[in-house]
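Please read the following note with the model open beside it. The points are arranged so that each can be checked in turn.

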Amino acid sequence: MGCSSSSTKTRKSETSLKAALIIQNWYRGYKARLKARQHYALTIFQSIEYADEQGQMQLSTFFSFMFENYAHVHKEELELRNQSLESEQDMRDRHDYVDLIDVPDSYNGPRLQFPLTCTDIDLLLEAFKEQQILHAHYVLEVLFETKKVLKQMPNFTHVQTSPSKELTICGDLHGKLDDLFMIFYKNGLPSESNPYVFNGDFVDRGKNSIEILIILCVSFLVYPNDLHLNRGNHEDFMMNLRYGFTKEILHKYKLHGKRILQILEELYAWLPIGTIVDNEILVIHGGISETTDLNLLHRVERNKMKSVLIPPTETNRDNDTDSKHNKVGVTFNAHGRIKTNGSPIEHLPKHEWEQIIDILWSDPRGKNGCFPNTGRGGGCYFGPDVTSKILNKYQLKMLIRSHECKPEGYEICHDGKVVTIFSASNYYEEGSNRGAYIKLCSGTAPRFFQYQVTKATCFQPLRQRVYTMESSAIKILKERVISRKSDLTRAFQLQDHRKSGKLSLSQWAFCMENILGLNLPWRSLSSNLVNIDKNGNVEYMSSFQNIHIEKPVEEAHSTLVETLYRYRSDLEIIFNAIDTDHSGLISIEEFRAMWKLFSAHYHVLIDDSQVNKLANIMDLNKDGSIDFNEFLKAFYVVHRYEDLMKPGVTNLG
C-alpha cells in the first residue's frame, strides 16, 4: 500500500508540474505576443512622428525658396508690415515687457516676489496642480529675467558631482506637467544639494508646456548654479507653430500672448546647447556626427541660431558693400509672420549651423558609420564607431542624450557609451511608455529610475493598454493612408494586371511602402488595414474602408482635397507667415501666389484652376479674402468608429 501511495503521489506531482509548465509556456507566449503588438503600435507612432518632423524640416528649404520669390515680389507690402512691427521689434527692455502690464486686484492666482526664492517654486507648483494660470505680467518677468541670466552663460555648462551631491538628468517632457510633478515627488525639488539637468524639449505636444517652462525658469533663477537647461530641437519658435506651443500660449494669454512668444524666441536662442559632467560625460539633446567639433561648438554665437527652419543664406561677396546699407532682411517673428528690418539678418555660418543641427537632431543606430537621418529629415544617424571616435577625441566616456521615446523610458547602446533618457511617460498614448530619469555620481555607474503617470486608481492590465495603443495607432495610420488615396489607388491598379481588384500581400505591401515611405511592417499590419480573401489576396480598395476626408464643397476634386489635407500643417505655417495684419485673412491673390510657389517647390501636380475655383468658393462673403484657418479646418478625416477595432479583434502581431 505504501509503495502504491507513493507512486500515485509521484505521478500527481509530475502531472501538476507538466500542467504548470504548459501554463507557464502559454503565458510566456501570450505575453510575448502582447509585447510584439505593443512594439508594432510604437513603431507606427514613431514612424509617423518622424515623417511629420521630416515635413517640418522640408519647410526650411521652402522658406529659402519663398524669400527669393515671394518676398521680392511683395517688397512694398513687407516694408509696410515693417512699420506695424515697430512695437514688437523694439521690445527689448523690461519696461516694454513687464511694467506696462498691471496685475488687477481681482487676480487670484500665484503672485511672485522678485528676487525669487524657493517659496515661489512651492507657490507655483501648488497653483499649477490646481490648474491656475499665472498672470502674463509674471510670465513675462520670469522669461525676461531668465534671458538676462542665460546671456551670461557659456555654450556648455560644466558640472561636478560628488557622493553628497548627485546630479539628476531628465529628458523630454513635452508639456506633460504630471511627469514633472512625479519626478519632483520621487526625487525631490531642485536645490543646492539636489541639482538637475533638463535636457531639452520642455514644450510642444502636451497641454501644459508654459507651466513646465515657468517652473523650470523659476527654479533656474532661484538655483542658477544647480539647475541647468539644455536646448532641444523643440525650443524653436517655428517648431512650436506646428506642434502646439504657440497655440497654447495664444489660447491661455489672448491679450499678451504675442509678447510672450516674442521673448520666447530670444530666450530659446540663449539656452546652452549642452552640459559636461565631471569632464567625462557629454549631455546634449540629440546626438553627434563624425564631424562634430566640440571646440567649435564652445565658441559659436548660439544666439544667432533662431530656428532650424531658417537656414543661413549665402552672401554674395560682390555685393557686400551695398548690402551693408541697402539689403532688407526677411525672416519670421515668433508667431510666424514675415518681418523685415533695415539691417542684414545675423546668421551663423553654414558649417556652424550644421554643427548645431547635428547635436539637436541626430539619433544613434547600431550600424557603423554616419549617414543622413532620413527618418527626421535633419541631423544624422551615427554608429558605435562614430561614438567611440568623438568620445576618445575629447577624452569623454559617455554620451547622454534624449530626443527619442523609449518603451522603458531609457535605453543603453553603443557598448554602454550612449544612453537615451526620455521623461514623458504615456507619450503617444496612455500606457505606451514609461518615463525615466538618471542619477549621476562621480566614480559610480548611472542609476535609472522609471515611472508611469496614471490618473486611474488601478493600473490597467497589459492587454487593455496594448489594445488602447493599437486602436490609436491604427487610427492615425489610416488617416495617413486616406491622405494618399489617389496615389495609392493608381499604384494598386498598376500592379493589378487582371483588373480583379485584388493583389498579393507582397504587392500590396510594396505599394503601401512605396507611396507612404513609413518603413513599416505592412504584411504584419495588413489584418488591421484591409480585407484578405481565403487565398491570401488583398482586396486593395478596402485600404480606404470606414474612413474618408470630408470635402468642404462637393465640387472639390479628390486629389486636391487629399493634397490640402496632407499639407495642412505646412500651409497653416505658410499662411500665417503672409498674414501681414494678423487678421487671420489672406487675399485671394495672396493665396494664389503662395499656392504657385508651394506647388512648384513641393512638385504638387494640381491644375491651378482647381485651386482658384476652390478659393473663390471658400470666399464665403465675396470680399476677396479667405479665413485660412477656417479654410484648412474644412479638411478633416471622418472615421466610422463603430467599425474600428474591437477588443479581441485587434492584433498587430
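How are helix 5 and helix 8 oriented to each other: roughly parallel or roughly antiparallel?

1. Helix 5 and helix 8 are roughly antiparallel to each other, a label given to angles over 145 degrees, while those under 35 count as roughly parallel, 65 to 115 as roughly perpendicular and the rest as oblique. The axes of helix 5 (residues 118-129) and helix 8 (residues 209-222) cross at roughly 170° and come within 9 Å, where axes are lines fitted to C-alpha atoms, for helices over the stretch in contact, and angles run from 0 to 180 degrees between N-to-C directions. On the side of helix 5 the contact involves Cys118, Asp120, Ile121, Leu124, Leu125 and Phe128, and on the side of helix 8 Glu211, Ile214, Ile215, Val218, Ser219 and Val222; contact means heavy atoms within 4.5 Å.

2. A word on the basis of this note: the model is predicted, so that local features need pLDDT of at least 70 and side-chain atom pairs count only at pLDDT 80 or more, whereas totals for chains, interfaces and linings use all residues. Residues are numbered from 1 along each chain as its sequence is written, and side-chain values use heavy atoms, with hydrogens and water left out.

3. The protein chain has 24 helices and 23 strands, which are DSSP runs numbered from the N terminus (helices H or I, at least four residues; strands E, at least two). Of its 653 residues, 55% are buried, meaning under 20% relative accessible area, with exposed over 50% and partly exposed in between (1.4 Å probe, protein chains only). Among contacts in the protein chain with a separation of 6 or more, 75% are between residues 24 or more positions apart.

4. Isoleucine 438, in strand 15 (residues 435-440), counts as buried because its relative accessible area is 0%. Leaving out residues up to four places away in sequence, isoleucine 438 touches several others, including Leu167, Thr168, Ile400, Val419 and Phe448.

5. A search of the whole structure finds 0 disulfides, a disulfide being a pair of cysteine sulfur atoms within 2.5 Å. Cysteine 441 counts as buried because its relative accessibility is 10%, and cysteine 118 is partly exposed because its relative accessible area is 39%.

6. The count of salt bridges comes to 28, each being a side-chain nitrogen of Lys or Arg within 4 Å of a carboxyl oxygen of Asp or Glu. One of them joins the side chains of aspartate 570 and arginine 242 (2.1 Å, N to O), and this pair links helix 21 (residues 568-578) with helix 9 (residues 237-243) across 328 residues. Both aspartate 570 and arginine 242 are buried. Glutamate 572 and lysine 247 also meet in a salt bridge (3.3 Å, N to O); glutamate 572 lies in helix 21 and lysine 247 in helix 10 (residues 245-252), so this pair ties together parts 325 residues apart in sequence.

7. Which charged residue is buried yet has no salt bridge? This is aspartate 358, whose nearest side chain of opposite charge, lysine 350, is 10 Å away. Aspartate 358 lies in helix 14 (residues 350-361) and, leaving aside neighbours within four places in sequence, is in contact with Gly287, Ile288, Ser289, Thr291, Gly379 and Cys380. For charges, Lys and Arg count as positive and Asp and Glu as negative, while His and the chain ends are not counted.
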